[in-house]
Amino acid sequence: MTQILSPGEELLDAFRANGFSTLPKLVDESELEWLRGVYDRLFENYLSADPGDYYDISGDGTGVAQLPQIIRPEKYAPELVESAHFARCRSIASAFLGVPESELDFYGHAILKPAEYGAPTPWHQDEAYMSPHWHRRGLSIWTPLDGASVESGCLHFVPGLHRGPVLPHRHIDHDDRVRGLMTDEVDPAAAVACPLEAGEASVHDFRTPHYAGPNHTSRARRAYVLVFMGPATAVEDPEPRPWRTQD
Ligand code: NI
C-alpha cells in the first residue's frame with residue numbers, strides 16, 4: 001500500500017506560485033486496478049443514475065453522450081470514500097489549502113474521455129461554475145487511471161492566473177443547453193502541458209485556467225477527480241457571472 005504522502009514545501013510553493021502542481025505517484029498498481037473496476041462499473045450502470053449527476057458536458061442533452069461524466073460517484077460507490085486514495089487526497093488537500101481535514105467539503109467527479117474522441121475540454125476556471133455570492137478556497141486532485149499524454153488528453157494549465165479574477169466565460173458553442181463553460185480570455189501559448197502516468201496526479205486551484213485536449217489514441221482516458229473546499233464566506237459585493245443560470 002502506498003504511504004500517505006505529506007506534500008513537501010517545494011510542491012506547496014509550486015502550487016502557490018503557479019496555481020497547480022504535479023504530485024508524486026499517488027496510487028500503486030493494486031489500488032489502481034481496484035479504482036478502475038469501481039470506475040468501469042459506475043459507467044456501465046450510469047443509466048440508472050440520477051440524470052442530474054450523470055451528464056454529457058459537451059453535448060446538448062440529445063443523442064449519444066460525447067464526454068460522459070459522473071458527478072459524486074461516491075453516491076453510487078461509497079467505498080470510494082473509504083479508500084486509501086481518498087484519505088491520501090484529503091490529507092494533501094488539507095495541507096495545500098491550510099484547512100483542517102474536518103472542515104473540508106468534498107465531492108468526486110469521474111470524467112471519461114472515450115478513445116478517438118475528437119473534441120477538447122475547452123479552457124475554463126472551475127470557479128466560473130460557482131456562485132459569486134460565496135467565496136471558498138478549493139482545489140481539484142486529478143488522477144488519471146490510464147496514462148494521460150498530450151495525445152490522449154492530459155491537462156494543460158496557465159501558471160499564475162489563479163491570482164487574478166474569474167475571467168468571462170460562456171457556454172460551449174454559445175449553446176445554453178450545453179452545461180460546459182469555456183473562456184476565450186486565455187492565451188494557449190502561455191500554457192504548460194501536464195502529462196501523467198496512470199496513478200500519478202496533479203492538483204489545481206479553483207481559479208487556475210485549465211484545458212484538456214482531444215483523445216487521439218485508441219484507448220479511453222479515464223480520470224478520477226476529487227474536489228476539496230474550505231468553509232464558505234459571503235461576498236459583500238459579488239461580481240456578475242452572467243453565464244450562470246442561477247444567482
Ligand atoms: Ni475543470
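Biologist: What percentage of the 247 residues in the protein chain is buried?

Modeller: This is a predicted model, in which local features need pLDDT of at least 70 and side-chain atom pairs count only at pLDDT 80 or more, while totals for chains, interfaces and linings use all residues. Residues are numbered from 1 along each chain as its sequence is written, and side-chain values use heavy atoms, with hydrogens and water left out. Buried means under 20% relative accessible area, exposed over 50%, and partly exposed in between (1.4 Å probe, protein chains only). Of the 247 residues in the protein chain, the buried share is 52%.

Biologist: How many helices and strands does the protein chain have?

Modeller: Helices (H or I, at least four residues) and strands (E, at least two) are DSSP runs, numbered from the N terminus. Counted in this way, the protein chain has three helices and 15 strands.

Biologist: Which residues coordinate the nickel ion?

Modeller: Donors are N, O and S atoms within 2.8 Å of the metal (3.2 Å for Na, K and Ca); water is not among the atoms, so sites may look incomplete. Along the chain, the donors of the nickel ion have the spacing H-x1-D-x83-H. At 2.1 Å, the nickel ion is coordinated by His124 (NE2), Asp126 (OD) and His210 (NE2).

Biologist: How many residues apart in sequence are the parts that Asp126 and His210 tie together?

Modeller: Asp126 is in the loop between strand E5 (121-124) and strand E6 (134-135), whereas His210 is in strand E13 (residues 210-212). Asp126 counts as buried at 15% relative accessibility, and His210 is buried with a relative accessible area of 4%. Because one lies in that loop and the other in E13, the pair ties together parts whose separation in sequence is 84 residues.

Biologist: Which residues does His210 touch, not counting those up to four places away in sequence?

Modeller: Contact means heavy atoms within 4.5 Å. The C-alpha atoms of His210 and Phe157 are separated by 4.5 Å, though the two residues are 53 apart along the chain. Leaving out residues up to four places away in sequence, His210 touches Pro122, Trp123, His124, Asp126, Leu155, His156, Phe157 and His204.

Biologist: How many aromatic pairs are found in the whole structure, and why is the pair of Phe15 and Phe96 edge-to-face?

Modeller: Rings of Phe, Tyr and Trp (its six-membered ring) pair if their centres lie within 6.5 Å; planes under 30 degrees apart count as stacked, over 60 as edge-to-face and the rest as tilted. A search of the whole structure gives seven aromatic pairs. For Phe15 and Phe96, the ring centres are 5.0 Å apart and the planes are at 65 degrees, so this pair is edge-to-face.

Biologist: Which residues form one aromatic cluster with Phe86?

Modeller: The ring centres of Phe86 and Phe106 are 4.7 Å apart and their planes are at 65 degrees, so the pair is edge-to-face. Phe86 lies in helix H3 and Phe106 in strand E4 (residues 105-113). Phe86 is buried at a relative accessible area of 2%, whereas Phe106 is partly exposed at 25%. The residues in one aromatic cluster with Phe86 are Phe106 and Phe228.

Biologist: On the other side of H2 from its buried residues, which residues are exposed?

Modeller: The buried residues of H2 include Leu32, Leu35 and Phe43.
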